[in-house]
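Student: I have a model open and want to learn to read its features. Can we take them one by one?

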Amino acid sequence: MIFPITQLGNPVLRKAASPVKNMPPKSLRALVKSMIQTMRKARGVGIAAPQIGKSLRLFIVAPEPSVRYPKAPHIQPVAMMNPVLVRHSKKRVTDWEGCLSIPGLRGRVPRYQSIEIEFSDLEGRRMQGKLDGFVARIFQHEFDHINGMLYVDRVEDSRTFMTESEYRKMMHG
């Protein structure tokens, strides 16, 4: 099932989401499958439950090369429940971000270069990992979503905002 993507202005995007607990495994799998389908249709590299109107601490990280992100690595979708950002590098990198909930806009956002994380997988197992670069950026972007923040809140210079069409012209000549 493809969900409509919650747009900027909807209050669910501005509140901290609730932990995922006591959700029947079948319902959880169906929700994750629908989130992945919705994300792929919109050509995203990640999606958080609040972006489909569900205030849950759940998101998908799934980079793959696309028109929006031609240099993205290809990684199978990973569903992350109740994630925690455990540690982060001192080094931050500023790069372009967009958001399915704010279509047509890009801005330059500082993010930690590398992070250590924990999350529960769909089986409820607690997982740990280290992410770097673009994949770390996706995690931080989606993590913000479940905490009621959007990338526009982190842009340090509003003059960097540009439309998606101008961004593509700049990136592709």
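Student: Which helix holds Lys 41?
Tutor: This is a predicted model. Lys 41 belongs to helix α1, residues 25–41.

Student: Is Lys 41 buried or exposed?
Tutor: Look at relative accessibility: exposed means over 50%. Lys 41 has 62%, so Lys 41 counts as exposed.

Student: How far apart are Lys 41 and Ser 158 in space?
Tutor: Their C-alpha atoms are 29 Å apart. In sequence, 117 residues separate the two.

Student: What is the order of strands in the open sheet?
Tutor: Strands of a sheet pair through backbone hydrogen bonds, either parallel or antiparallel. Here 3 strands run in the order β4-β5-β8, with antiparallel pairing. β4 (92–99) and β8 (162–163) are the edge strands, each pairing on one side only.

Student: How many bridges join β4 to β5?
Tutor: There are 7, and β5 spans residues 102–112. Cys 99 stands opposite Ile 102 in β5.

Student: Which strands does helix α2 touch?
Tutor: Helix α2 (residues 133–146) packs on the sheet and touches β4 and β5. The helix direction makes about 60 degrees with that of β4.

Student: Asp 144 is in helix α2. Is Asp 144 buried or exposed?
Tutor: The cut-off for buried is under 20%. Asp 144 counts as buried because its relative accessibility is 6%.

Student: What does the side chain of Asp 144 make a polar contact with?
Tutor: The partner is the side chain of Arg 154, at 2.6 Å. Setting aside neighbours within four places in sequence, Asp 144 is in contact with Arg 111, Met 149 and Arg 154.

Conventions. Residues numbered from 1 in each chain as written. Predicted model: local features only at pLDDT ≥ 70, side-chain atom pairs only at ≥ 80, totals over all residues. Heavy atoms only, no water. Helix = DSSP H or I, 4+ residues; strand = E, 2+ residues; numbered from the N terminus. Buried < 20%, exposed > 50% of the residue type's maximum accessible area, 1.4 Å probe, protein only. Pairing = 2+ DSSP bridges. Contact = heavy atoms within 4.5 Å. Axes fitted to C-alpha atoms, helices over the stretch in contact; angles between N-to-C directions. Polar contact = N/O pair within 3.5 Å; in protein donor to acceptor, adjacent residues only side chain to side chain.
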